[in-house]
Amino acid sequence: MWEELRPLGRDSSSGGYRRFAWTGADTDCRAWFRAQAEARGLAYELDRNGNQWAWLGVTGHQDVAPGEAVVTGSHLDSVPDGGAFDGPLGVVSSFAALDELRGRGAEPTRPLAIVNFGDEEGARFGLACVGSRLSAGALTAEAAHRLRDGDGVTLPQAMERAGHDPEAIGPDPERLATIGAFVELHVEQGRALDLSGDPVGIASAIWPHGRWRFDFRGEANHAGTTRLEDRRDPMLSYAATVLAAREQARLTGALATFGKVSVEPNGVNAIPSLVRGWLDARAAGQDTLDTVITGIERAAAERAARDGVDLDVVRESFTPVVEFQHALRDELGALLGKKSERPVPVLGTGAGHDAGILSAIVPTAMLFVRNPTGVSHSPAEAAAEDDCVAGVTALADVLEGLACR
């Protein structure tokens, strides 16, 4: 499976992946998912929001009673020049875990499904977890229709070009009501497991996190003829805000990152008229996150006023703290503990996931697979084959315990 998936959406120059929602690379990944489902005799479904489902034991969600299904899976899209494991490891491991269950002769007594949620990373339209947010009702169809990519293409236009009906998107309560447990396996995006020496861990919670857009509007002018004291340069305000974000994060133990920037007119010899920067901020608690954002906004406003620059700040997305259901989390610990000499570690994460979005509606849990470097959202992202196999075995143990009893 890895060898078939590896070349899809990979950029030859960077070695990273550009699997953006509703592009050709995304279409290729979707075709791969469907082929894997059909090769195993699973019933394939594409839901109204473009999420893919593969069902064992039933012909589709309409045959499943409320709360009966056990579902696993993740996503196949990527950030710009992302790594091979973030998302795809969960999908590949889901199919491999099903193969393992069949090899054991385990017979599911509950419907079992594998899912690929669309547009989890939000790389194209700027909002993460679009597929799961739409299904859960956390994103309205009206708001989704207003999403645009960097070229001005709207989400409906992109979906239509890929052959999906954008008028069908929206909440999917009947489908989600069938889920009694959703377990997402994911490569760890940190080094906690590497430091503890464990190949697999269980998630406890997802930090509250969000994305904010800072628009600094100044005055375009000639870089070679405009005196420094006559300039209204938004780049200075933006640069100072980047440094302020780092300082606020350092002081509070939070994380704050300006990872995307747009400049107009973007000329080497022109003072910018607009610098637009996107802030990603996360913290272990809501109060801490509020303190960080307030501090960054204050510093940005003070510097903008000093530079004669106008400032607008827009919160584009936000996800509150997610505490995974303790009962399901403890059940995973008990199931995995049967084959372990010591308790499976339970750890929090600052990364968002589809499991976090669904947690407001259905019982969810996550398994993490060790990442030896802690690097993620980069071509250098890695996981050892033995650890990936351990992850598949752990997921199979969990699915057997939940769906085959």
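**Rings, strands and helices in a predicted model**

Modeller: Arg30 lies over the face of Trp22, 4.4 Å from the ring centre. The model is predicted: local features need pLDDT of at least 70, side-chain atom pairs count only at pLDDT 80 or more, and totals for chains, interfaces and linings use all residues. Residues are numbered from 1 along each chain as its sequence is written, and side-chain values use heavy atoms, with hydrogens and water left out.

Colleague: What makes a charge sit over a ring?

Modeller: NZ of Lys or CZ of Arg must be within 6 Å of the ring centre and within 35 degrees of the ring normal. Lys260 also lies over a ring face, that of Trp278, at 4.5 Å from the ring centre.

Colleague: Why is the pair of Phe214 and Phe216 called stacked?

Modeller: Rings of Phe, Tyr and Trp (its six-membered ring) pair if their centres lie within 6.5 Å; planes under 30 degrees apart count as stacked, over 60 as edge-to-face and the rest as tilted. The centres of Phe214 and Phe216 are 6.3 Å apart and the planes are at 20 degrees, so this pair is stacked.

Colleague: Why is strand E7 described as largely enclosed?

Modeller: Strand E7 covers residues 209–217, and seven of its nine residues are buried, so the rest of the structure largely encloses it. Strands (E, at least two residues) and helices (H or I, at least four) are DSSP runs, numbered from the N terminus.

Colleague: How do you know that E7 pairs with E11?

Modeller: Two strands pair if DSSP finds at least two bridges between them. Nine bridges join E7 to E11 (residues 274–282), and the two run antiparallel. Within E11, Gly277 is the bridge partner of Phe214. E7 is also joined by nine bridges to E12 (residues 310–319), again antiparallel.

Colleague: What angle do helices H3 and H13 make, and how far apart are their axes?

Modeller: H3 (residues 88–104) and H13 (residues 385–403) pack at about 60 degrees, with axes 8 Å apart. Axes are lines fitted to C-alpha atoms, for helices over the stretch in contact, and angles run from 0 to 180 degrees between N-to-C directions. Under 35 degrees counts as roughly parallel, over 145 as roughly antiparallel, 65 to 115 as roughly perpendicular and the rest as oblique. H3 is therefore oblique to H13.

Terms used:
Buried means under 20% relative accessible area, exposed over 50%, partly exposed in between (1.4 Å probe, protein chains only).
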